[in-house]
Structure formats: C-alpha cells, structure tokens
Amino acid sequence: MSRQRVNPLPGSDEELFFDAAAFLSFPLEKSVDDQQNSDSLLTRRDFVARTGRAGIALAILPPDLRRLIRTPSDSNPESLAGGVLSVPVSPELFSGLRWRMIGPFRGGRVAAASGVPGRPNEFYFGAVNGGVWKTIDGGRMWFPIFDGQSTSSIGAIAVAPSDPNIVFVGSGESTLRDSVGYGNGVYKSVDAGKTWTHLGLDETHHIGKIAIDPKNPNNVFAAAIGKLYAANAERGVYRSRDGGRSWQKVLGDENVGAVEVVIDPANSQVVYAGLWNTRRPPWFTYAPTNGPGGGIFKSTDGGTNWSRLSNGLPKEGIGRTGIAVSPTNPNRVYAIVDCLLSEAPPQREPPLGAPVPTPAPAGARPSSPPPGQGGFFRSDDAGATWTRLSNDPALWGRGWYFEKIAVDPTDPDTVYVPNVAVNRTSDGGRTWVVLRGSPGGDDYHQAWISPSDPNTMIVASDQGAIISRNAKSRDPRDVTWTSWLNQPTAQIYHLSIDGRFPYWVTGAQQDSGAIAVRSRGKFAQISMHDWEPIAPGGESGYTAGDPLNPGVVYGGDGQRWNLETNTPVEGTTRPTSPETPRSDWTQPLVFSRADRKSLYYANQFVFRTKDGAKTWARISPDLTRTEIVVPPTLDETAAAAIDRNGKRGVVYTIAPSPLRVGVVWVGTDDGLIHLTADDGQNWQNVTPSAITPWSRLTMIEASHFDQSTAYASVDRHQLQDFDPYIHRTRDSGKTWQLITKGMPRGAYVHVVKEDPLRRGMLVAGTERGIHVSFDDGDNWQPLQLNMPVTSIRDFEFYGNDLIVASHGRGFWIIDDISALRQLSDAVMRDDAYLFKPSDTINYIEGTDNGTPLQKDEPQAENPPNGVAIDYYLKRNASAPVTIEILDASGAVIRSFSSDPNAQQPPPGRRGGAAPPATGLPRVSPLWQASPTPLPGTTGMHRVIWNPLRERPRGAPPADEGGPLDTRYTGNFTARLKVNGKTFTQPFIVKPDPREARA
C-alpha cells in the first residue's frame, strides 16, 4: 500500500504520512537487548507511541482504505502472543506435539514387493515414497519398518532365498514419473526388518532391481538407473561379494544405467541384466526418454564379463526391460521389452497448414503410441536366440512404467506380466488371460511367486500391494486377493479444507483420484466410513474447498461438485484460452482469502471467476518465458524430447494476498515470478536474478501481515541441483533474500506457508521432511517430530491445527499448535511454564453404537476430545507435578498428577466401573487402557482434559441405554503446580455447534 497523506495534527505544522504496511511489518517484540532491561515485551513508551500513531492514522483513513488493513490482533489475540524468541529454538519446547495420521487407507503406488521363502505369511512391499512395509499375517495388517531411515523412496526389495532374515532394499523408485522420489543407495537388514544398515551407493538415486545369489547371500547385484536429469558415473550394474560392505561397478557407463538384474537360479555364475539409458527434461513430458545403449546383457562368469544379447531382439531403441529365468528349465528365459522404434518406414512430416493435434487436458495420459518393436520375447537356449511371441501393447505398452515379469517356479510355461492389468499365460506366451484388472486401469508392477507354493503371489500396484493364495486358478474370476484398502501410503499433491463441521481434508491422490477425509471420524475413530473418493481434482490437480459453501469443492480447472450428493453443480464452465493451453501434471486452483468469492486458475495464463465458475475472465498475458532454454545437463535425446507443451512452461503457483483484494503473486515452472496489484490489469516481472530458467516455483505464499512481503519456494532438482531454496521479499519483489539457514542440503523444497496468526512463523516442506522458522525464515529447524520421512507437498493452517499433505504417507495433523504460537524466551526463563490453552469446542463424541470396530481393521485415531493443556519443564521435577481444572467459581473439578497413586481416573464413557476383583477381565488387553501419570520429565508435555461431568457409578453408556453425557462449557482455569510454584491460565470451553442445531 502506498503512503497516505493526511492532515497535520492540531497545533502541528508537520504533514503526516501513514504507511500502514510499514507499521504492521514493524515487529512488536522487543530486541534481546531490550529484553535484558525489562521483563515487559513492550515498553510503555513504545506501546503508547505505536498505538497512538496507529489509532490516529486508522481514524483518519477513509473507510475504503481502512477496510483493506487488517492488524494481526483483528483475527486472534494469539497473533501477538509470541514474544522475543531466540533461535534456533530448543526442540524440547515443543517435544510434546505429535503428528496424527488420518489416512486415507487407499494405498499409494508400490513398485517393489517380495515374499519370504519358508515363511508363507510374511511379505514386504516398498512404497515409492512411503518406505518399506511388512505383514506377518498374509496381508491382513501391514506395518511400516523403515521409518527411521533417511529416505522413503523404494525401488527394489529382495529377500535372501538361503536366509529369510536377510533383506536388501534398493532406494529410489524406478517408476520414473516427473513427480518421482529419489533414494540414496542400498540398505540391508539381517533381522527381518527390525534394524537396517545403509550400504552406500548414495549417488545411484534410482535402483530398479536387487538380485541375491540363491545359495550365498553375500553375492548381491544391484541395478542402478542413476540420476534422472544428468549423466552420472554411479549408474549401471553393481556387484558385491561381501554382503554389501563394498561394491564394484561391472556394467554400464555415465549415460547407460541398469533397471534389471537376474541370477540364474540353477547357476549363479549366469547373470542377466537389462540396461536403460533414460532422462527427463525439465519441461513437462509424460514419459522419460529411451536413449542409445539399452538392451539385454548376459554374464557367464558371475558378472565380470558381459555380452549383449541381440539375436531376435530389437537392434536399437531398447528402453526398459524385464527378465525372468525358469527355475525348472534355466534355458527358458523370458523378457518383456520396451522399444518404440517403428518396424515400418518413418512417416513423412505433415504438409504445411495441416491442423495441429488437440493436446490432452491437464493430468491426462497421452494416447497410446503406434506399435513399435517392443513386446513379449522368449528364448529356449539361454538367451542365444529370441522369438517375439506377442506385440500386444497390453503386455509391454508404456514400457517406461512397467516391464516386469515373473515365471512360475514349478512350471516353465506359466508366466505373469503386470501392466495396466495382471496378465497370465499358461502355454509359454502363446495365449493370455487377464488375471486382474478393473475399469479405469489399476497399473501393476512387480510380481513375486512363492517358490514352494505357486498359488501364493504378491503383486505391487499403483493402489498398493495385494496377495493371492489361488493365483493358478484356471478361471480368473475364481482368483481372490487381499485388500489394498489397508495401506496409508497415498501420494497427495496439495490439500484444501472443506469447511463442513468437523472439517474435512481434501486433495488429489496420485493414481487413484481425489479424496476427502474427515479430520474427526463420525464414530469412535477414523475408518472406512470417514473417507470418500471425490470427483474434483482427479489424480493430480488441486482441490479448492469453497469457503462460503461448505460441502462444495472445486477441482482441476474449475469443476465444481457438491460432496454431500456427489454431483456436479450445474452451470460450471472451464476457462478458455486465446491459444492452445499448456499444462503440467498439476495446475494451480486457489481461492482468495481477501475476497472469498474470487477463485483463480492458471495454465500459461491466469484466470479468475467471481460467480462460482459460471464465467471466467482471463486476467494476464502468457506469463512464462518466451525463449527456449535447454539445460546443458541434458543428453541429445532428452534435449529433443517434447510433449504437449513443447519446451515451454506454465504458471505453477498462484498466491492472492490475504490482505488486499487484487494483489496476486504467480510463479512459473520455468522460473519467473510476476506480481499484480490491480487484479491483473498490470503485471510486473519481479523475478530475482538467482532464479534461472527451469527453476520451478513450487509455491508462493503472500504474507498475512504485510502485503509487500511474500515467500517463494524453488525446486531446481531438474537442473541437477537438489539443495533447498526459499526466497523472501519485503518490498513487493524489488529485492529478495535467500532464507534457508538451518535447512539440510540435498532436499529441495515443495512448499512454504506462513502461520496466519503468529507473525514470523513459517513452515516448509521438502522432499525429505518438515521444517519450521520462528523468525520469518532467517533460521530453520526440524518440525519432523513423529512424522516419517517422506515427500511433503502442502500445508494448511486451519483454526488451531496444522495439516500436511505428504506424497507417500497421506494426510497428517498436529492438533492444536497453540504452544508453537506462544513460544518466547519467557517460556525458558523459569523452571516451568504453562501455556495458555486455546478456546476449545466440547465435541459430541462419536461411538460405534454397539460392537466397536475391531483393532485389526484399517483405522486412524480421532483427535483427543477435550482441552489440550501444554506445559514445559526446564528440568526433571523434584516433586510430584499436578494440574488442576477449576471452574468459574474456583472449585477443582478435575486433577492430574505425576504420582501414579494420586492419579484420578477419567470420567470415561463406560461409567468408570471398577474391574472385577477376581476372575478374567471381560475384554482383551487391546481394549484395556492403562492410566498414564502426568509426565514430570524435562520437555514440553500435553495432557487432555475431557470436559465431561462424572457419570453415575456403574451407569452404562448412552448407546447402551444409559443417561446422556453432560458436558462442561464456560470459563475455566488450568493450574499447574511444580517444584513449589503455581502457574495458572484461563480458557473457554464452547458447546458443539451441532448440539444447538439439533
């Protein structure tokens, strides 16, 4: 906002100029030096001077300007509660906070899976950005076993046939989409996944396969695809003869990597490998490239020397390949081969003036390519000669994504080829049946067959891992599978809140479509009842909850749906462009917080609707770079690769100012930032010089406190620069500062967001984790807590909660971040500190209304019902710690203690009936909750007071005919007693708004 000239004060000949943005950007906290002179956070002189200036200026501003100014205190007093804070902050100050997973339980993409020889109920799968999971009950329940490692992107899993406790994992997914996660080499467990050792090969980035000698687990091969955007020496086939302690590269070069390696089960000196030269350019292409040098190779001396197999295979153009050797007939070798080179003469260029083909819409898969030389091949002489038995694209199409194959360990004629469906032949490849495949295309990857029971199989898919116990049934309709709806490994791109109460979290899930999940389950937990597939957003777009109409969500390029009825809203239109629209896999769609009727969408242009997408206005020219820039890291094939966008970029992020209508920031995937202050009438290029072509602007965040301030996260890994970049401007883009101090190198940034209530508190999500800054980005530190390592794509502050969308582990929430918002040096000044509890809704708790959902069903916890009371102890307490809850009259109505003998039992929904003195309990240990004493140890802790009045002793719960719960509401006080000192904080408990409506 420009300076506003006002009349002079009475008795003064000075002119006053009021710069509201400058005033609001002036920190209210004192400096550390001032803090040492006074316990007050703000001197009386400063307070009077500043508030006097603000009051006068606000009083004399015209109403239209006054309306555009929002001070932090207008939204919530907590915006001013954070005092001086020395950084970095000790993690003990917020160690009691926890991320709560809410699902969904619809599995995400899995490219690696394996069973365990000799243990028929044990299986592993590797999610492409969700880590390694294990089941010991044949897929009824899965649990993560890799969360303590530094990567979660998994490309390969192998269990030693001679020792079921030895497991190797190759990190870095091999399904090479443009949203791919990368790894850091090979891991090994010698205790069936309980502990892991990192074995190096850090720079391989993507490992497609690991093969273990059937008789000697020390002989191991790894097929390394290598880095995706540049040449690197660490690609190819690696061999270890000491169980992974050391590695030797035996095949490949800096351009040609390996995606497949197979050891002959009858002779471990015979090894087959599939080489693949592949890259991606930084502009959008659906598929990676197939460069020269790929093919199938064979070694007969344990991997020391190799020869290329070519008789009957395509002579050139081979991309990804899958290889399988029959255990019962090692001369029988199968291969599934990707080769897009046409067998027919190349077609002539279309004549000048021919119509341009219509491009696919955003997120759509390109049409199938014409038949090439790829297909299903068989050799009956150990690879000396090959015969193509099928060129059906259903077996080898989209080869860069599939090309896996498995042969029955007891029958050389039975072979499985996963692709869009799982395909099976029982006659050596002459005829095929579809074993599993549903409408829409599931997409399947690796298959593993039990060596002792060929009916037992695990298959990896885009929707998770599934197991069959009757895979050889003649009729595919008789084959049954376990569920993939018990794996919380969803890959979410962005999130938006749907304001139905309690709120829902929405987002697009890769491979499965958009989804909505309740933040609080309708019943006793978050279960299958509490997530829904939704239409808007597809598998990769944005979702945008309508802030004025809860239950209505927009998605994609503006489609509008009523989620209550699962129907589209009539009259909705899409934006139209003056030229062919370009689109990345994900295009932005966001509401303005300053004008909640304004919704923005972008391709290379920016569009706005104010009438619920009935009409759209184009408010920008093409905001991407006009020059074609080819990075020097690309090889010739990648430099020439083009898809629907050519070599041009798109607008990738939109950030309307929450303070002033019409101020909008946008960033592109080819490295430009533009700003408009008049809703698109004029645009200014404000790109800092440090942001070079194809530096992707992953997110811009407009400040909630100063309209001249914005934050921009930048991803340069497609230029082979994996470091984090966040830029900040405080002068509307005239100058920018790089603000990444404290963030680890080698993890690029997907998102940066600002807390709308505490000034200076930012959160950032990288490819590997979560970070927080308490000083406007000058310093960063982890906020990982219990969150597993995964790709973090988006955040939302909603009320007192912080919600995250991960690209591999679904949605997570920190319930009530009031303690983070109140952190200051004052917290550390005394031996203890009691944070002010936030005003809390006393929710009507859901139950299962009878038999509860069993613990082995997929489920997530509801947020704890009640008031979160947070306190901090500088050191271990020397005496029992107590917290008491006082009502408005000062009477103690609930108490908590660190002394187990003094702990008061909660009122409980079961009436607090005492367990029988003798005999067996009525429920199993799964349902027996043990009382937890109040912690008295160093750090920040949280206790939950559930504001329910004591039920009559022995009374059954309401859903079993007992009296209804009586809930406290009103004004209360929390009182902390520790080490002879007493601390108090007031708070309010509000009624559930659904109760009033009922």
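## An open sheet of four strands

In this predicted model, four strands form an open sheet in the order E20-E21-E22-E23, with antiparallel pairing. Strands here are DSSP runs of E with at least two residues, numbered from the N terminus, and two strands pair if DSSP finds at least two bridges between them. At the edges lie strand E20 (318-325) and strand E23 (387-390), each of which pairs on one side only. Neighbouring strands of the sheet are turned by 30° against each other on average, direction ignored; the axes are lines fitted to C-alpha atoms.

E20 and strand E21 (residues 333-339) run antiparallel and are joined by six bridges. Val325 stands opposite Val333 in E21. In general, strands of a sheet pair through backbone hydrogen bonds, either parallel or antiparallel.

## The protein as a whole

The secondary structure comprises ten helices and 65 strands; helices are DSSP runs of H or I with at least four residues. Of the 998 residues, 57% are buried, that is, under 20% relative accessible area with a 1.4 Å probe, protein chains only.

Among contacts (heavy atoms within 4.5 Å) with a separation of 6 or more, 59% are between residues 24 or more positions apart.

## The position of Val923

Val923 is found in the loop between strand E62 (892-897) and strand E63 (939-945). Val923 has a relative accessible area of 42% and is therefore partly exposed, the class between buried and exposed (over 50%).

## Basis of the values

Residues are numbered from 1 along each chain as its sequence is written.

Methods:
This is a predicted model: local features need pLDDT of at least 70, side-chain atom pairs count only at pLDDT 80 or more; totals for chains, interfaces and linings use all residues. Side-chain values use heavy atoms; hydrogens and water are left out. Axes are lines fitted to C-alpha atoms, for helices over the stretch in contact, and angles run from 0 to 180 degrees between N-to-C directions.
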